[in-house]
Amino acid sequence: MADTRTEFGYVRTSCDCRLCRVFCRHYPGFLIPADLKRLIPPGRDPFEWAREHLRVRVRRAGRPAAGGRTKATAPPIAEALLPATADDGACQWYRGERCTVHADSPFGCAFFDQHQSDRQARNRAEKGFLAILRALEDRDSLYRRLCDYLVAEGLTMDQAAIRRAAAAARRELDNLIECDAHSKGRRKKRP
Ligand code: SF4
């Protein structure tokens, strides 16, 4: 039976081609508040679970210091929850080249793929980040409390780490696309 999971009126994607899987290896998708209910096993302490499985993406407040860098002393501000990553940068739910939480995977994974237009992806991302923003404004929301907890525990991904992850994903995507173009070119020349 087809997967009919929907969010903000969008139907989830299900492509797991090698281009889409690049992000599992380098840059896991963000969670929206609705993902927590699906992903946290019933009866499990959410904070303990988050410590094991999530990290919080943060930025630093304050004016940039000389050289364009933001002062390291500025407090980190939570932006979004992300799946934790292994030492090689891959999502900790990515095993044997498969997502082990596929049916419940985070919004930032389940509703995006490499075959959408930039506009489609941007519209979906905007809806997701709006839901996150609302949850972060509510001190009592589980999303906000988990973010606060992970920030306090230092379990964060800062902007530099995000940039490195995005660059690694971009490099691998470009390589794959180039390889595909080469092999198509070779195939065309064959009699
Ligand atoms: S949660 Fe699943 S789809 Fe998302 S990055 Fe991890 S392995 Fe990939």
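I looked up Glu 97 and found it in the loop between strand S5 (94-95) and strand S6 (98-99). Strands here are DSSP runs of E, at least two residues; helices are runs of H or I, at least four residues; both are numbered from the N terminus. I note that this is a predicted model, where local features need pLDDT of at least 70, side-chain atom pairs count only at pLDDT 80 or more, and totals for chains, interfaces and linings use all residues. My residue numbers start from 1 along each chain as its sequence is written.

Glu 97 has a phi near 60°, a positive value in a residue other than glycine. Is Glu 97 buried or exposed? Glu 97 counts as exposed because it has 11 C-beta neighbours inside 10 Å. The cut-offs: 20 or more other C-beta atoms within 10 Å of a residue's own is buried, 12 or fewer is exposed, in between is partly exposed, with C-beta atoms placed from the backbone.

I then checked Phe 8. Phe 8 sits in the loop between strand S1 (6-7) and strand S2 (10-11). Its phi is also positive, near 55°, and Phe 8 is not glycine. Phe 8 has 15 C-beta neighbours inside 10 Å, so it counts as partly exposed.

**Whole chain**

I read seven helices and seven strands in the protein chain. Their order along the sequence is β-β-α-α-α-β-β-β-β-α-α-α-β-α. The protein chain has 191 residues, of which 25% count as buried. I took two residues as in contact if their C-beta atoms, placed from the backbone, lie within 7 Å. Among contacts between residues at least 6 apart in sequence, 71% join residues at least 24 apart.

**H5 against H6**

I looked at helix H5 (residues 118-137) and helix H6 (residues 142-152). They pack at about 75°, with axes 7 Å apart. Axes are lines fitted to C-alpha atoms, for helices over the stretch in contact, and angles run from 0 to 180 degrees between N-to-C directions. H5 is therefore roughly perpendicular to H6. That label covers 65 to 115 degrees; under 35 is roughly parallel, over 145 roughly antiparallel, and the rest oblique.

H5 contributes Ile 132, Ala 135 and Leu 136 to the contact, and H6 contributes Tyr 143, Arg 144 and Cys 147. I sorted these residues into five nonpolar, no polar and one charged. Nonpolar means Ala, Val, Leu, Ile, Met, Phe, Trp, Tyr, Cys and Pro; charged means Asp, Glu, Lys and Arg; the others, Gly among them, are polar.

Cys 147 counts as buried because 26 C-beta neighbours lie inside 10 Å. Leaving out residues up to four places away in sequence, Cys 147 touches Val 56, Ala 78, Leu 81 and Leu 136. Cys 147 and Leu 136 are eleven residues apart in sequence and 8.3 Å apart, C-alpha to C-alpha.

**Ligand shell**

Which residues come nearest the ligand? Of the 13 residues around the ligand, they are Cys 24, Pro 28, Cys 91, Cys 99 and Cys 109. Near means a C-beta atom, placed from the backbone, within 6 Å. The shell divides into eleven nonpolar, two polar and no charged residues.

**Confidence**

I checked pLDDT, the predictor's confidence in each residue, from 0 to 100. The chain mean is 90, and 88% of residues reach 70 or more. Where pLDDT is low, the predicted coordinates should not be read in detail.
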